[in-house]
Amino acid sequence: LERLASAHPSVAHLVHLGLSVDERPIYGLRISKANPAKRSVRILGAHHGDETSSAEVSLEIAKQWLQNPSAEMSEWLIDHEVWIVPHVNPDGVANLSRYNANNVDLNRNYEFQWSDDEFRSGDGPFSEPETQNIRSLSPWIPAGLGLSVHSGATNIGWVWNFTEERTQDDVLLEQIASRYADSCTTDD
């Protein structure tokens with residue numbers, strides 16, 4: 001992230017978001033030509049520290065936006081921003097553990113539909129410093145779209161996968177998922 005920010009100082013800014021339970025730094029890379037931006041996209045990797053390829057995919061996305069941007073991507077950055085946080089769970093990455101140093105599944109520690117019935121969801125929504133650090137991005141610009149990169153399964157899910165009820169954004173989400181699936185090279 002430091003090298004990318006240094007190589008592209010006009011559009012990339014490294015931001016220290018905070019520390020993990022074990023006081024490892026959590027960094028985000030803001031990519032944008034806008035100040036302020038109208039909309040934001042967040043790409044988060046390694047919520048689960050044992051899903052190391054999710055961090056690699058997040059870093060690859062950052063490289064693509066900065067090193068080989070399409071005309072559409074460059075134009076989009078005029079008014080928008082992309083936040084990339086490859087290691088949401090640096091303690092889990094260091095220990096090759098799904099959970100953070102408090103044994104919490106960070107993917108289940110956010111406020112939306114938080115429940116203590118979920119396995120290892122923490123003491124309450126945003127009880128963990130890692131999810132608090134991600135929440136700290138909100139004052140910049142609320143995310144219009146977010147991608148939480150995971151590995152270990154071939155599927156595309158969205159926040160509403162806790163229910164079978166359709167969302168008002170279902171058509172858009174299915175279009176995004178289909179475009180992504182069509183660009184993948186996996187056989188599944």
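User: What kind of model is it, and how are residues numbered?
Analyst: The model is predicted; local features need pLDDT of at least 70, side-chain atom pairs count only at pLDDT 80 or more, and totals for chains, interfaces and linings use all residues. Residues are numbered from 1 along each chain as its sequence is written, and side-chain values use heavy atoms, with hydrogens and water left out.

User: OK, Glu51. Buried or exposed?
Analyst: Glu51 is buried, at a relative accessible area of 9% (buried means under 20%, exposed over 50%, partly exposed in between, with a 1.4 Å probe and protein chains only).

User: Where is Glu51 found?
Analyst: In the loop between strand 3 (39-44) and helix 2 (52-67); helices (H or I, at least four residues) and strands (E, at least two) are DSSP runs, numbered from the N terminus.

User: And which residues is Glu51 in contact with?
Analyst: Neighbours within four places in sequence aside, Arg98, His150 and Ser151, where contact means heavy atoms within 4.5 Å.

User: Switching to the largest nonpolar core. Which residues touch the most other members?
Analyst: Of its 17 residues, Leu29, Ile31, Ile43, Trp65, Leu66, Val82 and Ile84 do. Such a core is a set of buried Ala, Val, Leu, Ile, Met, Phe, Trp, Tyr and Cys residues joined through side-chain atoms within 4.5 Å.

User: Which element gives the largest share of this core?
Analyst: Helix 2, with 4 residues.

User: What is Leu66 in contact with?
Analyst: Beyond neighbours within four places in sequence, Leu66 contacts Leu4, His8, Val11, Ala12, Leu29 and Ile31.
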